Amino acid sequence: MAQPLAFILDVPETPGDQGQEPSPYDESEVHHSFHQLIQEQSQWVAQEGLELQQREQEATGSGQQTLRRPEGTQSTATLRILASMPSRTIGRSRGAIISQYYSRTVQLRRRSSRPLLGNLVLSARPSLRLYDLELDPTAREEEEKQSLLVKELQSLAVAQRDHMLRGMPLSLAEKRSLREKSRTPTGKWRGQRGGGGVFSCCGRLRYACVLQALHSLGLALLSGLQALTPWRYALKRIGGQFGSSVLSYFLFLKTLLAFNALLLLLLVAFIMGPQVAFLPTLPGPAPVCTGLELLTGAGCFTHTVMFYGHYSNATLNQPCGSPLDGSQCTPRAGGLPYNMPLAYLYTVGAGFFITCITLVYSMAHSFGESYRVGSTSGIHAITVFCSWDYKVTQKRASRLQQDNIRTRLKELLAEWQLRQSPRSVCGRLRQAAALGLAWLLCLGTALGCAVAVHVFSEFLIQSPEAAGQEAALLVLPLVVGLLNLGAPYLCRVLAALEPHDSPVLEVYVAICRNLILKLAILGTLCYHWLGRRVAVLQGQCWEDFVGQELYRFLVMDFVLMLLDTLFGELVWSRIISEKKLKRRRKPEFDIARNVLELIYGQTLTWLGVLFSPLLPAVQIIKLLLVFYVKKTSLLANCQAPRQPWLASHMSTVFLTLLCFPAFLGAAVFLCYAVWQVKPSSTCGPFRTLDSMYEAGRVWVRYLEAAGPRVSWLPWVHRYLVENTFFVFLVSALLLAVIYLNIQVVRGQRRVICLLKEQISNEGEDKIFLINKLHSIYERKEREERSRVGTTEETAAPPALLTEERGD
């Protein structure tokens, strides 16, 4: 029987099996090879099968008749082959588990810097050939395998040892026992282990107390750091009651807060801090604040570090002032001066560059978390059986976790139901017609809003009497804010008439429409600021006007948001809808409109960084207030979505919209202002230059005159900043990295498909192998029966002759 088995398995013999015992490094191949395991077990079973056949022959020769098994059953040898399969042996036998992890520790030890065991004597090298993978190993063999595993664990680092112990499929008691046995004593305890007594016991007790105190301190610090996470409990509560769709809005707000804090840190350190340390003298008396400056940004705010015109165009570490005629201070011999124009320009550029890198990294990380390569076929079972956190002990936290799991299951089931209900052809045609009509109306609304903003801004430019009043400066921000507030409601009414297949598609469509509206209005305003206002304000500080205008837009957007939250959600839903109209249903949280408001405010901040360095601080205060206002209104006035849906990709979509339309548009706006627009001649750090970018060239000329010690800085500026080839090279590398990442993701998906197909083929191979073994056993049994029957027939005539002679 061994010959057919060897023919089926077709496993070649290795040279290590012929007379020479292999080293422990070759044992990993033995324990990780499916064919080798089958070959060893099949030979063992074949030997037992021959013994069983001999016993059956002996029993048959003594007069016992063999019973025919019913069809569909398997022989005893086949059942033993099935039981010896790796999929049934590994994981059930503790000895097999220990042997498997012993081979893994051997591989880890081979990577370390310890000497190879191959250089030692053969008698000093333990071999797993002496310990077969049996179904029911004895206690002695398990102890020997466990001792080998403990020795190998002791040779590993502490981190590798703990990682391997966590991954072993053993009970906690066995893992704890292995950890205690594999713990190596320190030098201090090695010296004290020889001499026992009271002192060693006291030392061990003191050492245990210190370890316990350090462990408790570490847990306390870890819990304190988790408690310091901003809005941790509030986000859990929102996610548990309203789902991941509403939670994605607040997570996006938290991300914007981090971006602004990073940008503000750079501006304060390199622009505002040095300027505050060397305050220039004002030409006249300081204006008196009236309180209206909080809305307009003009008045007493004009001559502060908040706006562009306050900053000096001279070196700040020299004992001279900042003359208005543009004369520069002479640099001190042997040192580099702090050039304020250069610091202003390159700090804003570095801030945008760091923001770009952080934004791209966040978008890539969110893409990796949302669009995973593998499939989500078992996400329901994972949510049911693996979502509960057993470290939760408080009743309040456990209730929040129950709400989170329940809402998650609702979202998953709703998404599954949407996939199971396709729309008919007529329904799709009606849906396409309704979507086309709604898109035409929305595009017309966006175009009309842009034309209205352009006409109104031209009217304000042509009426100088209104420009002289400080309150009149709020008219244009108020009109734009009302358009941004009213147009999304019109789009929401049109969206209610559209038959959407899923709530996710509805939110995406609403986001696209609102985004087109915001981009049309912002494009018109950018032309108004850098095109019309620069030409009108010749001889004045137009940079201060643009910075104050952006400040007014940001403040007015926040005020209108508060009014909308108060009257649109509180007054309408709680007072009019519930008490007057007797409606029990509360309004839902409008994710698309609120997200676009955040993107709109952040775009205004990026547009105004060059003209108002403190604008990120204003945006941080606004975001903090928006979070608490929206959270209070959500919990009090809104209800969870009537149709739950899974927002697994929403964070990625939000960051993508923030990166490409918002950040890219702001970067183009600022690049045009730096390279093409002439600065004002009466204020700011670039007052004597033809463009802001010329500050770098002036700095290079000063460095060349300073001496040969800093000659490498002009070379860096000339070949890495001014040279366009370097910019194109960096852009090409960025595109290449993006392309390679896309190809890697596609390759991973293809590999996963191939691995799934291979797993399926392995299962079919096992079925084929089992059927072949079963057929071989059946043929052997039929041959034995026929041979036994032939023997009985040939032995029957002599018996009959004997009986006749006896008669």
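The model is predicted, and it holds 19 aromatic pairs. A pair of aromatic rings is described by the distance of the centres and the angle of the planes. For Trp606 and Phe663, the ring centres are 5.1 Å apart and the planes stand at 85°, so this pair is edge-to-face. The two residues belong to distant parts of the chain, 57 residues apart: Trp606 is found in helix α22 (residues 591-608), and Phe663 in helix α24 (residues 650-675). Trp606 is buried, because its relative accessible area of 2% is under 20%. Phe663 is likewise buried, with a relative accessibility of 7%.

A second pair joins Trp675 and Tyr693. Here the centres lie 4.9 Å apart with 25° between the planes, and the rings are stacked. Trp675 lies in helix α24, whereas Tyr693 is in the loop between α24 and α25 (694-706), so the pair ties together parts that are 18 residues apart in sequence. Trp675 is partly exposed, at 45% relative accessible area, while Tyr693 is buried, at 9%.

Aromatic residues also come together in a group. Ring pairs connect Trp231, Tyr249, Phe250, Phe589, Phe627 and Tyr628 into a cluster.

Finally, charged residues are placed over aromatic rings. Arg513 lies over the face of Trp439, 4.8 Å from the ring centre. Lys518 is positioned over the face of Tyr600, at 4.9 Å from the ring centre.

Key:
Residues numbered from 1 in each chain as written. Predicted model: local features only at pLDDT ≥ 70, side-chain atom pairs only at ≥ 80, totals over all residues. Heavy atoms only, no water. Phe/Tyr/Trp six-rings, centres within 6.5 Å; stacked < 30°, edge-to-face > 60°. Helix = DSSP H or I, 4+ residues; strand = E, 2+ residues; numbered from the N terminus. Buried < 20%, exposed > 50% of the residue type's maximum accessible area, 1.4 Å probe, protein only. Lys NZ or Arg CZ within 6 Å of the ring centre and 35° of its normal.
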